[in-house]
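Keep the 3D view open as you go.

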Amino acid sequence: MDRSQKADSVAQLSEVFNQAGVVVVTRNLGLSVAQSTELRTKMREAGASYKVAKNRLAKLALKDTDYAGLDEYLSGPTALGYSEDPVAAAKAVVEFAKTTDKIEIVGGSMGAQKLDEAGVKALASMPSLDELRGKIVGLVNAPATKVVQLVNAPASKLARVFGAYGAKDAA
């Protein structure tokens, strides 16, 4: 890489760090190309991204961002998983790490809040933003369906009573 490519790489990483809701640092312990492709696919499906970056360039990009504390995790063969959704990247990396021992979760950060490996796993166990939205919509709709059931209940009971009298007269 020449200087201009390095400067572009640092600028791209800095932009990623300014927009990301969470960044997860992983250590590659011999991931094959197929496994790496599978991980990137799962990350994309979850709405996250996975990037291998030079540690020195990543440390330069971390300066003046909320993720400045991550520089201590950047040693050895590392890669960065990130997403705007605070749970998506952590969930995808943790799920993939369960299937292979070729990747290790080193730590991460959610804004200025630094996370160790246990913190990333705890974050991954939380429901995603879409799941939370679905639960809220369900809670909002639940009272409306209860009201409809209560309004319809007397009418249905009355209909059953009339049906019973009709069946009794017919017999």
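A residue counts as buried here when its relative accessible area is under 20%. By that cut-off, the buried residues of α4 are Ala-88, Ala-89, Ala-90, Ala-92, Val-93, Val-94 and Phe-96. Please bear in mind that this is a predicted model.

- Five strands make an open sheet in the order β2-β3-β1-β4-β5, with antiparallel pairing.
- At the edges are β2 (49–51) and β5 (113–115), each of which pairs on one side only.
- From one strand to the next, the twist averages 20°.
- Helix α5 (residues 117–124) packs on the sheet and touches β1, β4 (103–110) and β5, with its direction at about 80° to that of β4.

**Strand pairs around β1**
- Strands β1 (residues 22–28) and β3 (residues 78–83) run antiparallel and are joined by 6 bridges; Val-24 has Gly-81 in β3 as its bridge partner.
- β1 also pairs with β4 in the antiparallel sense, over 6 bridges, and Val-25 stands opposite Gly-107 in β4.

- β4 is mostly covered, with 6 of its 8 residues buried.
- Antiparallel β4 and β5 are joined by 3 bridges, and Gly-108 is partnered by Leu-115 in β5.
- These strands, β4 and β5, form a hairpin with 2 residues between them, where Gly-111 in the turn has a positive phi of about 70°.

Terms used: Residues numbered from 1 in each chain as written. Predicted model: local features only at pLDDT ≥ 70, side-chain atom pairs only at ≥ 80, totals over all residues. Heavy atoms only, no water. Pairing = 2+ DSSP bridges. Helix = DSSP H or I, 4+ residues; strand = E, 2+ residues; numbered from the N terminus. Axes fitted to C-alpha atoms, helices over the stretch in contact; angles between N-to-C directions. Contact = heavy atoms within 4.5 Å. Buried < 20%, exposed > 50% of the residue type's maximum accessible area, 1.4 Å probe, protein only.
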